[in-house]
Amino acid sequence: MIYFIKNNDVIEKYQIDFDKKEIEKLRDAIIDNCSYIEHKEYYCDHVPRLTNKIVRNYKFELTNNYVDYFVETRETVFVSYDEYNAPELVNLINRLLENDSRVLQQIFNYDISTNIPIDDKIDSINKEFFEIDIKDIEKKKAKLHELEKLLKIQELNKNQQGIKQYYNQLIELIKIKLIDSISVSELERIQSFLETYLSNKIENNYSNEKPFAIVKSLKKLD
C-alpha cells in the first residue's frame with residue numbers, strides 16, 4: 001500500500017506493509033476479548049436481520065403461538081443471543097484490510113481510553129439512584145431496573161479485557177517505510193512543464209495531517 005503525506009512543503013511517499021492474516025486474527029481477538037457484551041432476548045414473528053451485528057450463542061425457538069394478520073398467519077418465535085459491541089478500532093482495522101490508506105492516521109491516533117468501563121457505569125448509576133428523592137418511588141424503581149441490567153451486563157463482561165495490549169500489537173504489525181519525497185514546488189514545476197495535473201494520482205491516498213505525529217509511529221519510519 002502506498003501512502004502520501006504533505007509534510008510542510010514536502011510530499012512524502014510511504015510504503016505500508018502488513019500481514020493480512022495476522023491482522024485478521026488480531027481483529028477477531030479484539031472482538032472476542034474486548035467487546036461490550038449485551039444479552040438480547042425477545043419474541044417476534046419473523047427471522048431477525050442481524051447482518052450488521054456481531055452475535056454469539058444465537059438461539060431461535062418456535063413457540064407454537066400464532067399472530068393473525070390480514071394476509072397471513074405467522075408463528076411467533078423466541079430469539080436470544082449475546083451481542084458483541086466491538087470497539088471502533090475493529091471498524092478501522094476492516095478499512096485497513098480493504099486497503100483504505102486514509103485510515104492510517106485514525107489508527108495511529110486512536111484513543112484507547114474511549115471505552116468507559118462497566119464498573120464506572122455501575123458506580124455512576126448507583127450514585128444517581130441514591131440522589132433520587134426517597135419519595136419518588138417510580139424514579140427509584142426505574143433507576144434500580146437500570147442498575148440491575150448493568151449488573152447482568154457486568155457478569156457477561158467479567159472476562160473481557162482492555163484493548164491496550166491488542167492495540168500495541170496492531171501498531172507493531174503495520175510496517176511503515178519512507179521511500180521517497182518531493183518538494184511541492186518541484187511537483188508544481190513538473191506539472192507546469194508537462195502541462196498536466198499530477199496530484200490526482202495521489203489525492204485518494206493523501207493526507208494533509210502532520211505525518212504520524214504519535215511517537216510510537218515515528219520509531220517505525222526508516
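1. A pocket, as the word is used here, is an open set of grid points with protein on both sides within 12 Å along at least five of seven lines, and its lining residues have an atom within 4 Å of a point. The model discussed is a predicted one.

2. The second largest pocket holds about 200 Å³ of space, and its lining consists of Glu38, His39, Lys40, His145, Glu148, Lys149, Lys152, Ile153 and Leu156. Strand E3 (36-44) and helix H5 (137-156) each contribute at least two residues to this lining, with H5 giving the most, namely six. Sorted by class, the lining of the second largest pocket comprises five charged, two polar and two nonpolar residues.

3. On the surface, a nonpolar patch is formed by Val47, Tyr58, Phe60 and Leu62, which together have about 400 Å² of accessible area. Val47 sits in the loop between E3 and strand E4 (55-68), and Val47 counts as exposed because its relative accessible area is 56%, where exposed means over 50%.

4. Most residues other than glycine have a negative phi. Asn8, in the loop between strand E1 (2-7) and strand E2 (10-17), has instead a positive phi, near 60 degrees. Asn8 is exposed, with a relative accessible area of 62%.

5. Asn99 also is not a glycine, yet its phi is positive, at about 65 degrees. Asn99 is placed in the loop between helix H2 (88-97) and helix H3 (104-108), and with a relative accessibility of 51% Asn99 counts as exposed, the cut-off being over 50%.

Notes. Residues are numbered from 1 along each chain as its sequence is written. This is a predicted model: local features need pLDDT of at least 70, side-chain atom pairs count only at pLDDT 80 or more; totals for chains, interfaces and linings use all residues. Side-chain values use heavy atoms; hydrogens and water are left out. On a 1 Å grid over the protein atoms alone, a cavity is a set of points where a 1.4 Å probe fits but cannot get out, and a pocket is an open set with protein on both sides within 12 Å along at least five of seven lines; lining residues have an atom within 4 Å of a point. Grid points are joined across faces, edges and corners, and a volume is the space filled by probe spheres set on the points. Helices (H or I, at least four residues) and strands (E, at least two) are DSSP runs, numbered from the N terminus. Ala, Val, Leu, Ile, Met, Phe, Trp, Tyr, Cys and Pro count as nonpolar, Asp, Glu, Lys and Arg as charged, and the others, Gly among them, as polar. Patches are made of residues with over 30% relative accessible area and no salt bridge: like charges are joined within 9 Å, nonpolar side chains (Val, Leu, Ile, Met, Phe, Trp, Tyr) within 5 Å. Accessible areas come from the Shrake-Rupley method with a 1.4 Å probe; for residues, only the protein chains shown count as cover. A salt bridge is a side-chain nitrogen of Lys or Arg within 4 Å of a carboxyl oxygen of Asp or Glu. Buried means under 20% relative accessible area, exposed over 50%, partly exposed in between (1.4 Å probe, protein chains only).
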